[in-house]
Each structure stands twice: as C-alpha cells, then as structure tokens.
Amino acid sequence: MLAPLARSLPGKRIYIAETAYPASGPMQPVRRFPATPRGQLGYLRAVLDAVTAALPREQRGGLLWWERNETGRLSLFDEGYVARPALLNGFRGSAQRKAEGKGDASLNPGHHRRPEQAARDRERP
C-alpha cells in the first residue's frame, strides 16, 4: 500500500502516523510480536523495515508513535519513566545496527537510567 501511495504523491514525504504496540498486558495484536518490551521493539523494526522497502529514500517522512498516556502499555517509556528498548534501539536502521555490531545485545533499558532516577528507584518501598 505504501509504494502505490508514494507513486501517487511524487515529491511528498509519507509518514506512518499513530502506530503503537503494547510492551505489556494481555493484548497481543500480532502473533509474532509478544506484548513485551522486546516484542514492541520487533514490531517497530518490522514497520520501519517495511517503510524502507516500500518507499524511496526521499519520500520517507518518518513514524509517529502514539500512546495517550506517557507510561501506558503502548508507551515507549515504562512506569518509572525509563525508555523501553523500542525507543532506545528501534529507530535506527538495520544497516546501522549491523555496522555498530549491536544486534540485540544492548536492549537492556536499565543501563540507560539517569543516576538520579536509579537512586529514586532504590529508595521506593
């Protein structure tokens, strides 16, 4: 659907708007992506890979993630306002991930907490 859209709008950027995928909870819209932080990352990468494959570079506008709550199940942040793997690693292209040699080895969001946030988390009962 994206390629015909791009052909009908030459010179215009195409955006994927209001997409999201759960990182937790009972809802799992696509079987191959579990409702986990890694499943959310897999979904995001699959969408971006599809956009890359279907659209010429000059028409790739981007992807706009949607969640009505800043830390909801569909959010790119967890309940402690820590970025989930989809935010930390999902928006880089597969070629960039391979060039950096990162693959999925750097997907632990706990390593990206600010020191003051980690300290507050330790103080919580």
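Reply: The structure holds 1 salt bridge, a term for a side-chain nitrogen of Lys or Arg within 4 Å of a carboxyl oxygen of Asp or Glu. The pair is Arg84 and Glu79, whose closest N and O atoms are 3.7 Å apart. This is a predicted model, in which local features need pLDDT of at least 70 and side-chain atom pairs count only at pLDDT 80 or more, while totals for chains, interfaces and linings use all residues. Residues are numbered from 1 along each chain as its sequence is written, and side-chain values use heavy atoms, with hydrogens and water left out.

Arg84 is buried at 5% relative accessibility, whereas Glu79 is exposed at 54%. Buried stands for under 20% relative accessible area, exposed for over 50%, and partly exposed for the range in between (1.4 Å probe, protein chains only). Accessible areas come from the Shrake-Rupley method with a 1.4 Å probe, and for residues only the protein chains shown count as cover.

Tyr81 lies in the loop between S2 and helix H3 (85-89). Its phi is positive, about 60°, although Tyr81 is not a glycine. Most residues other than glycine have a negative phi. At 46% relative accessibility, Tyr81 is partly exposed.

Helices (H or I, at least four residues) and strands (E, at least two) are DSSP runs, numbered from the N terminus. Strand S1 (residues 14-19) and S2 run parallel and are joined by 5 bridges; strands count as paired if DSSP finds at least two bridges between them. Tyr15 stands opposite Gly62 in S2, and the S2 bridge partner of Ile16 is Leu63. S1, H2 and S2 form a right-handed β-α-β unit. Right-handed here means that, with the strands pointing away from the viewer, the path from the first strand over the helix to the second runs clockwise.

S1 also contains Glu18, another residue with a positive phi, about 55°, that is not a glycine. Glu18 is exposed, with a relative accessible area of 61%.

Pro26 sits in the loop between S1 and H2 and is exposed at 75% relative accessibility. The C-alpha atoms of Pro26 and Arg73 are 9.9 Å apart, across 47 residues of chain. Pro56 belongs to the loop between helix H2 (37-54) and strand S2 (60-65). This proline is partly exposed, at 31% relative accessible area, and its C-alpha atom is 9.9 Å from that of Ile14, 42 residues away along the chain.

Apart from neighbours within four places in sequence, Tyr43 is in contact (heavy atoms within 4.5 Å) with Thr19, Ala20, Tyr21, Phe33 and Trp65.

Chain totals complete the account. Of the 125 residues, 35% are buried. The accessible surface comes to about 8,100 Å², with 54% of it belonging to carbon and sulfur atoms. Among contacts between residues at least 6 apart in sequence, 52% join residues at least 24 apart.
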